[in-house]
Amino acid sequence: MIIDFFKTQCQHTKIPVDTDYAYCPDCGELIKNEWYLIRCSCCNIKRTAHFEYKKIKPDTKYCPNCGSTEFYIQKLDKISFIDVPYTVLVKEVVKQINNETHQIWIEKDCEQLSEGKMLRLPSL
Ligand SMILES: [Zn+2]
Ligand SMILES: [Zn+2]
């Protein structure tokens, strides 16, 4: 089996946003679109957010309404039109192997490889 490391770099940009599941034409992975919303823990207003380093973060540090830095992430089952400016779309790769432990190990391995930590040439 050849592991294609470029797969882990794919941003799945060709997945349509109005579908729940689709296969990415660039890497062949099954992708699930998931929508998230960030709300202020203090006054509960919706805050604009973005996806950064595998985490959902609010665009601003402080709530524009009450000045709080506390927030919580709400997962949306369905995206509604009024929420669009606030929602963050996360494209999750759907793993099709049932053995979870095995799969986590593979992911860790790939991450390390892509960071170059395990790429050691054999000393001759
Ligand atoms: Zn992809
Ligand atoms: Zn607030």
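Which residues does E92 touch, not counting residues up to four places away in sequence? The residues are I31, K32 and E34, where two residues are in contact if their C-beta atoms, placed from the backbone, lie within 7 Å.

## Basis of the model

This is a predicted model, in which local features need pLDDT of at least 70 and side-chain atom pairs count only at pLDDT 80 or more, while totals for chains, interfaces and linings use all residues. Residues are numbered from 1 along each chain as its sequence is written, and chains are lettered from A and ligands numbered from 1 in the order in which they are written.

## Overall architecture

The protein has one helix and seven strands, in the order β-β-β-β-β-β-β-α from the N terminus on; helices (H or I, at least four residues) and strands (E, at least two) are DSSP runs, numbered from the N terminus. Of the contacts between residues at least 6 apart in sequence, 50% join residues at least 24 apart.

Of the 124 residues, 8% count as buried. A residue is buried if 20 or more other C-beta atoms lie within 10 Å of its own, exposed if 12 or fewer, and partly exposed in between, with the C-beta atoms placed from the backbone.

## Two residues in their surroundings

E92 belongs to strand β7 (residues 88-94) and counts as partly exposed because it has 13 C-beta neighbours inside 10 Å.

C40 is found in strand β2 (residues 30-40) and counts as buried because it has 21 C-beta neighbours inside 10 Å. Leaving aside neighbours within four places in sequence, C40 is in contact with I45, R47, C63, N65, C66, S68 and F71, and its C-alpha lies 6.4 Å from that of Y72, a residue 32 places away in sequence.

H50 has K57 as its bridge partner in β5, and in the hairpin, with two residues between the strands, Y53 takes a positive phi near 45 degrees.

## Confidence

The average pLDDT, the predictor's confidence in each residue from 0 to 100, is 79 for the protein, and 71% of the residues score at least 70. Confidence is highest in strand β3 (residues 46-47), at 96, and lowest in helix α1 (residues 100-114), at a mean of 49. Over residues 102-106 the pLDDT is below 50, and this stretch has three contacts in the model beyond near neighbours in sequence.

Conventions. Pairing = 2+ DSSP bridges.
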